[in-house]
Amino acid sequence: MQKKFNIYRSSAGSGKTFTLTKEYLKLVLCAPAFPSFKSDYFKHILAVTFTKDAANEMKDRIINSLDKISNLPDNEEYNLLSAILFELQDEYPEKHFNRQILVERAGKVF
């Protein structure tokens, strides 16, 4: 199996943490390397930043995002969830991702 690496380079304040969080959650919530969803897929993902502070910020944001998504009321919007859903639907149209699937999976991962 070929490994895929993504590298993001940009200046301070440009949204790197948001992008890294979104990309990490996309992987976690769709588990593309497996034919079916695995709630522990996060153990197979390596995300690297340059400082311990940045790593801790990203970890906190991922955990907080999973918590928020898993407890999101049906009528409430969350930009991160909307972005993840839009991109997963575009990248994996055959998997028929919807909001409810991602909310349920976020709860299982969290």
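Q: How much accessible surface does the chain have, and what share of that surface belongs to carbon and sulfur atoms?
A: This is a predicted model, in which local features need pLDDT of at least 70, side-chain atom pairs count only at pLDDT 80 or more, and totals for chains, interfaces and linings use all residues. Residues are numbered from 1 along each chain as its sequence is written, and side-chain values use heavy atoms, with hydrogens and water left out. Accessible areas come from the Shrake-Rupley method with a 1.4 Å probe, and for residues only the protein chains shown count as cover. The accessible surface of the chain is about 7,800 Å², and the share of carbon and sulfur atoms is 52%.

Q: Which pattern does the chain follow along the sequence?
A: Helices (H or I, at least four residues) and strands (E, at least two) are DSSP runs, numbered from the N terminus. The chain has four helices and zero strands. Read along the sequence, the pattern is α-α-α-α.

Q: What percentage of the residues in the chain is buried?
A: A residue is buried under 20% relative accessible area, exposed over 50%, and partly exposed in between (1.4 Å probe, protein chains only). Of the 110 residues in the chain, the buried part is 29%.

Q: Is Lys26 buried or exposed?
A: Lys26 lies in helix α1, which covers residues 16-30. The relative accessible area of Lys26 is 5%, and the label for this residue is buried.

Q: Which residues are in contact with Lys26, leaving aside its neighbours within four places in sequence?
A: Contact means heavy atoms within 4.5 Å. With the neighbours within four places in sequence left aside, the contacts of Lys26 are Ala31, Ile84, Glu87, Leu88 and Glu91.

Q: How far apart in space are Thr19 and Asn75, C-alpha to C-alpha?
A: Thr19 is also placed in helix α1, and is partly exposed, with a relative accessible area of 23%. In sequence, Thr19 and Asn75 are 56 residues apart. In space, C-alpha to C-alpha, their separation is 25 Å.

Q: Why is the pair of Tyr92 and Phe97 edge-to-face?
A: The structure holds one aromatic pair. Rings of Phe, Tyr and Trp (its six-membered ring) pair if their centres lie within 6.5 Å; planes under 30 degrees apart count as stacked, over 60 as edge-to-face and the rest as tilted. Phe97 is buried, with a relative accessible area of 4%. The ring centres of Tyr92 and Phe97 are 6.5 Å apart, and the pair is edge-to-face because the planes are at 75°.
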